[in-house]
Amino acid sequence: MTAHDIPAYMAHLGAAARAASALMARAGTREKNAVLTELAERLRRAGPALAAANALDIAAAQRAGLAAPMVDRLRLTEKVIATVAEGCEQLAAMPDPIGEITGVKRRPSGISVGQMRVPLGVFGMIYESRPNVTIEAASLAIKSGNACILRGGSEAIHSNLALWKLVQQSLAAAGLPADAVQLVETTDRAAVGRLIAMPESVDVIIPRGGKGLIERIAAEAKVPVIKHLDGNCHTYVDAEVDLDLAVTVTDNAKTQKYSPCNATESLLVHERSAAAFLPRIGAVFAAKGVEMRCSPASKAILSGVPGATLVDATEADWSTEYLAPIVSIKTVASLDEAIAHINRYGSHHTDAILTTNHPNAMRFLREVDSASVMVNASTRFADGFEYGLGAEIGISTDKFHARGPVGLEGLTSMKWIVLGQGEVRG
């Protein structure tokens, strides 16, 4: 089966994945962990071969004039390989969620009713740039007892193929089906269109990439999608707050790294804290070259900060994910106004309150409609590894089926089980 006839090729991958998923669902923890341990060892031994494959992608990207940051994302450095190998071992050390039975209760009829955690079946993963995602997705699929079909970006095709072969070799070495992890070997975009429209073979699609990719997948998919479009995250500085803590946390949330989806893009400050807080954080932002797009009240307070780049905020700024050294800043009159602003303009990804007022903190946790809501912590913690999930396959701002960072449990489902001793319904 070649990749030239896209419909036939994708149907073949789908059928193979569906067959492999049945075998993966009944695989034991020891077998799955053996694959992950073997894969970690193979990754470490394959350094030269992976470097050679990666060099082909880097050279092609440079010839195509790809921007330097995009080229950097393609690099399979020794450190990147070591990190994904360690990630495989960490997953192997984690408890296996599959088969766990919870909430069993005896009913008056005599039956016992509970729930069992099971794999989703087959997931399709569509991603861009970073080839390390191939290993992260594969390792999560293996540990969660799923099969997967991976479609990486065309710019990383050689690197992804080399990594995928190591995965298949590791599966075979442990006696599990190599087809449990398949990679779409064509760069033809028509393959994506087929992958997201095969409900007979694929149970869920997980896109990981830019907003354009995710919007296309969400609009065209005929199977459920786990996704987030934007990371317009907020930090709110309350009226009662530890100012030193607020400066430190806000600085980290915005400037520790500008490009991730969990970086703070909008800063809300209670008007009672604004005069003390804004000049301090403004000086930090000015020193780091962060442009501040301000409401009139916040601009008036920040105007005395030496070297500050201040711009009048537009209505669009409150909804914008910058992924850059830019932050929108607004003063608010109350906690109610802050919550209303976040729920209106935010992307339901991650939002934080900095406060010493416990009732306000609890209100913020309850009422802000986001996948991750934080008290006195940087939004940059919204991450599967930081949450103790092991590897992360993505972040979801949907409310069904997974919400927030998606790790092992996000790739599983719960089914009802009933235990009886011959009971019949009257």
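This is a predicted model: local features need pLDDT of at least 70, side-chain atom pairs count only at pLDDT 80 or more; totals for chains, interfaces and linings use all residues.
Glycine 145 follows helix H6 and has a positive phi, near 75°.

Step back into the helix itself. H6 covers residues 132-143. At 1.5 Å a residue, its twelve residues should span 16 Å. The C-alpha atoms at its ends are 17 Å apart, which agrees. H6 is also mostly covered, with eleven of its twelve residues buried. Among them are Asn132, Val133, Thr134 and Ile135. Lys143 is buried too.

Next come the cysteines. A disulfide is a covalent bond between the sulfur atoms of two cysteines. Searching the whole structure turns up zero disulfides. Cysteine 148 is in none, and the nearest cysteine sulfur, that of cysteine 88, is 12 Å away. Cysteine 261 is in no disulfide either. Its nearest cysteine sulfur belongs to cysteine 233, 6.8 Å away. Cysteine 148 counts as buried because its relative accessibility is 0%, under the 20% cut-off.

Now turn to the aromatic rings. The whole structure holds one aromatic pair. Tyrosine 236 and phenylalanine 364 have ring centres 6.4 Å apart. Their planes meet at 15°, so the pair is stacked, as planes under 30 degrees apart count as stacked. The pair links distant parts of the chain, 128 residues apart. Tyrosine 236 sits in strand E7 (residues 233-237), while phenylalanine 364 belongs to helix H14 (residues 358-367). Both tyrosine 236 and phenylalanine 364 are buried.

Lysine 330 lies over the face of tryptophan 318. The distance from the ring centre is 5.7 Å.

Conventions. Residues are numbered from 1 along each chain as its sequence is written. Side-chain values use heavy atoms; hydrogens and water are left out. Helices (H or I, at least four residues) and strands (E, at least two) are DSSP runs, numbered from the N terminus. The expected span of a helix is 1.5 Å times one less than its number of residues. Buried means under 20% relative accessible area, exposed over 50%, partly exposed in between (1.4 Å probe, protein chains only). A disulfide is a pair of cysteine sulfur atoms within 2.5 Å. Rings of Phe, Tyr and Trp (its six-membered ring) pair if their centres lie within 6.5 Å; planes under 30 degrees apart count as stacked, over 60 as edge-to-face and the rest as tilted. A charge sits over a ring if NZ of Lys or CZ of Arg is within 6 Å of the ring centre and within 35 degrees of the ring normal.
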